[in-house]
Amino acid sequence: MKNKVGVFFCDCGGAINNIDFDAAVKKVAKFPGVTCVNLSSNLCLEEGEEKMLSCIKEENINRVVVAACSPDFKEHFFRQVLESAGLNGHLFSMANIREQGSWAHDGDITVKAVELIKMAVNRARLLQPVKKKKFPVNKDVLVVGGGFAAINAALQLSRVGLRTTLLEGEAVLGSETAELGGLCGFDIGSMVSEVEGDENIEILTSAEVRATAGKIGDFTVRIRKGGEEISHKYGAVVLATGYQTKLALESELKSDINIVSQEKLCRMLEDPNLEIRPRTIGFMFDFSDENSRLSTLATLNNALAARQKWDSEIYVFCKSVKVDSPRAEKLYREARDCGVVFLKCEARPRITADNGRVKIEAKDVFLGEDTILACDLLVAEELLLPSEGTEALSSLLNIRRDSRGFYQDENVHLYPVASEKKGIFFVGGCRGDLDLSRVLTDVPSVVASVYELLSSGNILAEVERVKADPQKCVACLTCIRVCPHDAIQLVRTDNSKEVAGISDLACDACGVCAAICPAKAIIFQGYRDEEILAQIETIGES
Amino acid sequence: MATPFREILKTKDFVVTAEAAPGKGSNVSKAIEHIELLKDKVDGLNVTDNQSSVMRYPSLGVCLLVKEHGGEPILQVTCRDRNRLAIQADLLFAYSRGINNVLCLTGDSIDVGDHKEAKQVFDLDSVQLIHLVHTLNSGKDMAGNELDGGIDFCIGTTATPSADPLEPQLIKVEKKLKAGVSFVQTQAVYELDELKRFTEFVRTVDGGVKILAGIVPVVGAKMAAYMNDNVPGVFIPQYLIDELAQAPKGTGVAKGIEIAARMIRQIREEKVCDGVHIMFIGREERVPEILETSGLL
Amino acid sequence: MNKCIVAFCCEHSAYPAADLAGKLRLHYPESLRIIRVPCAGRVDVIHILKAFENGAVAVLVLGCEDGACHHITGNTRAKERVEYCNMLLKEIEADGSPVAMFNLSPNEPHKFVRAVNEITKRIKEPGR
Amino acid sequence: MIIAERKPMAEIRQMIAPYKKLLLAGCATCVAVCWAGGEKEVGILASQLRLAQSKGRKKISVLEATVERQCEKEMVEELRDKVQEADAVLSLACGSGIQTMAEMFEDKPVFPAVNTTFIGMPEREGLWVEMCGACGDCFLDRTGGICPVVRCAKGLLNGPCGGTRKGGKCEIDPEKDCAWVLIYRRLEKQDRLDLMRQYYTPKNFRAVKRPGRIQSVKA
């Protein structure tokens with residue numbers, strides 16, 4: 001059957017006013033394949049929709065072009081109109097004559113509009129339907145980690161009715177939850193007992209992930225626990241593996257008992273038997289690593305506590321104090337109000353051991369002079385690093401990490417808690433320098449995403465929108481190597497030939513594989529070479 | 001008449017050889033000049049074979065000149081330019097003209113030279129080449145045919161004590177030693193410890209082989225940096241580069257000679273190895289100065 | 001004949017940026033023809049060459065900012081292909097017809113217009 | 001897999017200068033995968049040639065065709081009509097395919113559009129490395145599965161030359177690994193370094209009598 005294209009003009013309620021629609025309609029009507037041309041003033045309102053529906057039926061149209069606003073704006077809507085007319089939503093193309101036509105140029109743009117429509121018509125004539133299908137998914141979720149973020153995620157997932165496995169490498173849950181930025185009054189102990197009492201949550205401690213396979217809705221994870229390996233199926237995986245800290249210190253100073261970490265200072269503050277209270281305390285942060293959100297919070301928290309509990313003199317050396325939350329702002333004010341001194345230095349201060357004390361030499365930017373401070377205790381700068389095993393786990397799951405080794409925190413374009421691989425999510429410190437408040441927003445956001453994916457037991461997805469033609473595929477593995485979403489693997493066809501198999505669920509329809517395939521085997525409906533070239537060819541005809 | 005090198009290796013406690021690099025062209029007057037200058041001051045003159053893959057007057061030709069002028073020539077044979085037929089033929093010719101010493105080496109790659117598009121041969125490698133000389137020495141060619149008039153070469157080879165990683169290099173040296181050589185001449189060395197480590201290893205494999213440390217005077221910090229980056233197997237330590245950098249302008253060569261002489265003296269005094277091989281390419285006329293400063297004259 | 005410039009626009013960045021340019025009435029040459037692609041990484045060498053075969057005078061490939069590609073490496077692959085195309089055009093002394101890649105965010109309509117103006121400047125009249 | 005690389009345009013244009021109608025013939029097997037001579041590259045080269053001629057005065061027409069394997073006469077036969085139509089054929093296949101094409105159509109000039117470079121494998125997408133020199137006398141049992149005949153710049157059989165660069169890189173190219181260092185590390189890992197200590201006699205470089213020809217008894 002020949003493809004019949006129906007073109008629907010819309011002037012967006014008069015918003016498009018520099019096109020001679022009558023002339024345009026006449027020209028468009030002559031384009032090959034165009035069966036009917038309609039003019040409307042508000043296609044996306046009920047009357048317009050009805051007009052479209054009846055026209056599609058009456059004229060027996062099987063490809064639709066709408067010449068109106070941007071597809072970013074209304075493509076989705078018009079596809080639904082097509083569906084309700086019994087046409088596949090993919091048999092649709094838009095000519096953006098408003099944002100990229102009428103509004104972008106002065107004067108009459110009839111000629112350009114007609115050309116934009118010609119591009120859309122040429123593409124539309126070649127479009128193929130893409131079916132949708134419900135894919136059953138496993139509703140269990142794996143949460144890796146045993147800290148604050150992991151326990152929280154497991155609890156909330158369980159609360160929305162998703163069975164969850166909490167997998168922790170350590171022997172007990174919550175053993176490494178001492179939060180650099182402070183735990184904001186959360187009682188980790190009661191959270192652990194809540195998790196332990198939750199029937200919907202399976203807890204695997206002293207366990208590790210050994211291998212993973214599969215895709216969203218159907219991950220197979222091999223877990224080792226107690227010398228035994230078991231395979232589990234999950235619909236989604238949440239990583240909450242946290243971070244670790246490392247003192248940024250010259251090696252000869254590492255053994256100095258007067259130089260401590262934030263964590264050590266906390267323990268000293270809680271120690272009722274502490275014999276000597278340090279009279280002068282120095283703090284340092286923001287020199288070696290400018291991602292210092294957590295170090296800042298820890299410093300503010302602990303400086304305040306020491307000031308209040310010990311009445312120590314406190315000096316904070318830093319490049320800048322980064323207070324990016326109301327909580328941090330409040331802490332900073334309080335610290336200043338009670339006499340904590342902040343010194344802004346461009347260069348990292350020089351630290352030397354000095355007769356049982358620590359000498360700090362710095363140049364304050366505002367005072368412009370060298371400051372020398374001898375203190376009883378120096379709370380050293382701490383570097384934030386991904387926790388041990390992050391690298392191994394990311395390579396098992398085949399997901400990327402950013403230049404600092406955290407999970408993909410740098411690509412602002414991505415949904416912050418989602419990996420590039422569908423069905424794998426991150427929460428908390430494993431995705432960067434994030435304080436507790438961010439964990440508290442991450443968790444619900446991940447839980448909502450996982451719930452949306454898995455709760456119905458099915459995912460509705462397009463079938464073979466992107467597909468490798470088994471006749472043309474030479475199994476060169478190029479697409480498998482380049483796929484940003486890890487959606488392709490070798491599969492055997494019925495006649496036992498190996499070809500690239502693209503997972504309908506995992507594919508994000510970017511077309512990177514289609515562009516790179518040496519055999520031109522990949523068919524990406526809507527963006528096939530023919531469909532792209534059909535638009536280009538209109539230039540030559542004009 | 002010069003003493004045969006084989007005798008020298010047996011009798012002398014500290015052997016000194018120098019490199020004679022043939023020039024580009026048929027004019028051999030410069031080569032003769034160097035031969036005359038050095039033949040009585042060193043125990044052998046080692047003539048390079050299209051060194052650094054740059055086409056030159058042949059090693060064989062200069063060896064003949066050394067012989068004619070009363071010196072003791074050591075013929076260098078690389079595997080780069082000749083297949084097994086040509087190498088055997090050359091060796092027969094050399095021996096028939098009184099050249100009795102051969103240094104077997106792989107040869108630099110064609111890519112570093114001035115005929116980069118040439119076909120490189122490497123029909124044999126250096127270990128196989130040593131075996132080949134032994135085969136000829138036994139009166140047969142490689143194909144097993146009897147020779148009418150055999151040969152009897154004193155065989156030497158090369159090694160790189162400062163290779164990184166060293167282990168694969170040592171395995172190769174071990175193979176060369178087991179193939180049977182009378183002397184090993186090293187790539188330029190600048191670190192005595194490296195040399196010591198290397199000689200210790202050689203001694204464990206073959207107690208009888210003589211080791212000649214390669215000495216290449218460096219005449220400036222720039223040259224040192226260049227050599228580190230571009231000359232395969234050469235690693236000049238930073239402290240020497242610093243020492244060179246501090247030398248006043250115009251005294252680079254003198255400084256280089258001083259450093260080289262210091263190294264030679266140390267090697268000799270500490271009996272690190274059995275001798276030295278001096279390569280002062282392009283400044284052959286100043287080799288006597290090194291010998292004098294190091295107390296070898 | 002209308003001398004067209006073809007711009008392949010990533011639907012995550014350049015396409016919305018172009019829409020925004022229209023909304024803000026930031027004008028650019030009418031000869032621009034935008035082809036919407038799901039990612040700059042979908043654009044292949046042959047698409048660019050065919051644009052020239054069909055009479056385009058310049059081709060733009062517009063994708064997400066470095067490190068912010070929705071599909072991780074799509075924009076860097078596109079950049080490499082653009083460079084390859086420039087090499088192919090240079091080989092046939094057709095480098096008066098420029099191909100360029102620009103990176104931008106969806107909220108940068110001015111950058112979109114700058115990219116169009118920039119490529120327009122690079123077009124050389126034949127014979128010059 | 002056979003790896004090839006497109007020839008420089010200037011060379012191609014010189015070859016095809018006298019002809020008005022060209023057939024660009026691709027091969028969908030090895031050279032397609034290394035982006036040198038498949039349907040895709042035929043398209044790119046054809047487009048490039050069309051663009052080039054639009055700059056000059058001479059009008060040429062370019063036909064495009066790709067066969068599954070250009071080194072098979074039966075498959076090349078499929079192109080007969082198109083070849084007859086053209087003045088000359090520009091083949092993007094490996095040397096073997098080009099010659100098959102030339103033999104099938106003796107009255108037509110057949111030109112190479114690619115340089116066949118080596119037998120290799122993809123190290124990652126877009127990067128191919130030489131692995132095999134087709135010497136006819138496989139040595140890999142002794143070298144931990146790493147071929148020194150082609151992966152050592154000098155094809156040495158008894159260990160590294162003295163030119164290894166710092167960190168085990170090749171004398172001629174700091175980007176490339178010294179094959180013998182790789183062999184050493186592999187054999188060390190397998191505790192088979194005795195293999196490297198063995199002496200290997202000069203290689204039989206006539207294991208394949210050139211031109212190579214193998215008659216299988218299975219046929």
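How many strands make up the closed barrel of chain B, and is their pairing parallel or antiparallel? The model is a predicted one, and in it eight strands of chain B form a closed barrel with parallel pairing, in the order β1-β2-β3-β4-β5-β6-β7-β8. From one strand to the next, the twist averages 25°.

Strand β2 of chain B covers residues 44-47 and runs parallel to strand β3 of chain B, residues 73-78, with three bridges between the two. Within β3(B), B:L75 is the bridge partner of B:V47.

Helices lie against these strands. Helix α5 of chain B, residues 126-137, packs on the sheet and touches β3, β4 (101-105) and β5 (154-159) of chain B. The direction of α5 makes about 155° with that of β4(B). Helix α2 of chain B, residues 29-38, lies across β1 (15-20) and β2 of chain B. With β1(B), helix α2 makes an angle of about 170°.

The next topic is the contact between chain A and chain C. Chain A contributes 36 residues to this contact and chain C contributes 42 residues. On the side of chain A that touches chain C, at least two residues come from each of α3 (71-84), α4 (98-102), α5 (110-126), α14 (512-516) and α15 (529-541) of chain A. Of the elements on that side, α15(A) gives the most, with seven residues. Sorted by class, the side of chain A that touches chain C holds 18 nonpolar residues, nine polar residues and nine charged residues.

Note on methods. Residues numbered from 1 in each chain as written. Chains lettered and ligands numbered in written order. Predicted model: local features only at pLDDT ≥ 70, side-chain atom pairs only at ≥ 80, totals over all residues. Pairing = 2+ DSSP bridges. Helix = DSSP H or I, 4+ residues; strand = E, 2+ residues; numbered from the N terminus. Axes fitted to C-alpha atoms, helices over the stretch in contact; angles between N-to-C directions. Contact = placed C-beta atoms within 7 Å. Nonpolar A, V, L, I, M, F, W, Y, C, P; charged D, E, K, R; others polar.
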